[in-house]
Amino acid sequence: MRTVVLGVVVLALFVVVRGSARAAENSVPAATYVESQRVLDNFEKKGGNPLIPGDAYNVQTNRRTANGNIEIHEKETDVFYVIDGSATIIVGGTAIEPKPMRPGQMTAKDIANGQSYNLKKGDVLVIPAGQPHWFKQVNGFINYLTVKSVKP
């Protein structure tokens, strides 16, 4: 079942993301294929692990075993698809004492009036660029696929 779900997710990414390679004969974007075992193996690495890099988007696997820091991406919309595990994430509201971490990325001390979501296997969450978000409580672990759509 897990392989089927991952296959469906990867296939859906082809439609949404449309691969970055160019077909030589007509400059039409070609599909990008990632075999399911490579996707699963990528979750075993620490941090956000690039799976399909790109300029307008990228796809990565994430495995969290601890609560996170507040993040605000100026130009990146995050699309999360939960593969396994669960966590509580806070999204939106007002970032308290935001400060830059690096260009286009900020963190904050807290989030006021954010919406709480209890993520579990099979859930999808879209976080628009500019929205603060925070994995407040990870329940053991959470594996999720992230598609980042990057605004120019």
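This is a dialogue on how to read some features of a predicted model.

Biologist: Before we look at any residue, what does pLDDT say about the protein chain?

Modeller: The model is predicted, so local features are taken at pLDDT of at least 70 and side-chain atom pairs only at pLDDT 80 or more, while totals for chains, interfaces and linings use all residues. Residues are numbered from 1 along each chain as its sequence is written, and side-chain values use heavy atoms, with hydrogens and water left out. pLDDT is the predictor's confidence in each residue, from 0 to 100; the protein chain averages 86, and 82% of the residues score at least 70. Where pLDDT is low, the predicted coordinates should not be read in detail. Over residues 14–23 the pLDDT stays under 50, and for this stretch the model has 27 contacts (heavy atoms within 4.5 Å) beyond four places in sequence.

Biologist: Which residues make up the largest nonpolar core?

Modeller: A nonpolar core is a set of buried Ala, Val, Leu, Ile, Met, Phe, Trp, Tyr and Cys residues joined through side-chain atoms within 4.5 Å, where buried means under 20% relative accessible area, exposed over 50%, and partly exposed in between, with a 1.4 Å probe and protein chains only. Here the largest one has 12 residues: Phe80, Val82, Ala87, Ile89, Val91, Leu119, Leu125, Ile127, Phe135, Val138, Ile142 and Tyr144. Two or more residues come from each of strand S4 (76–91), strand S10 (124–127) and strand S11 (133–150), where strands (E, at least two residues) and helices (H or I, at least four) are DSSP runs numbered from the N terminus. S4 gives the most, with 5 residues. Apart from this core lies another, of 11 residues, among them Val39, Val59, Leu145 and Val147.

Biologist: Which residues form an aromatic cluster?

Modeller: A pair of aromatic rings is described by the distance of the centres and the angle of the planes. Rings of Phe, Tyr and Trp (its six-membered ring) pair if their centres lie within 6.5 Å, and planes under 30 degrees apart count as stacked, over 60 as edge-to-face and the rest as tilted. The whole structure holds 3 aromatic pairs, and Phe80, Phe135 and Tyr144 form one cluster.

Biologist: Is glutamine 105 buried or exposed?

Modeller: Glutamine 105 counts as buried because its relative accessibility is 8%. Glutamine 105 lies in strand S7 (residues 105–107) and, leaving aside neighbours within four places in sequence, is in contact with Ile72, His73, Glu76 and Pro100. S7 belongs to an open, antiparallel sheet of 3 strands in the order S3-S7-S6, whose edge strands are S3 (72–73) and S6 (99–102). S6 and S7 pair over 3 bridges, and proline 100 stands opposite methionine 106.

Biologist: What is the phi of glutamate 97, and what is that of asparagine 113?

Modeller: Most residues other than glycine have a negative phi, and most peptide bonds are trans. Glutamate 97, although not a glycine, has a positive phi of about 55°; this residue lies in the loop between strand S5 (94–96) and S6 and, at 53% relative accessibility, counts as exposed. Asparagine 113 has a positive phi of about 60°, is placed in the loop between strand S8 (110–112) and strand S9 (115–120), and is exposed, with a relative accessible area of 74%.

Definitions and conventions. Pairing = 2+ DSSP bridges.
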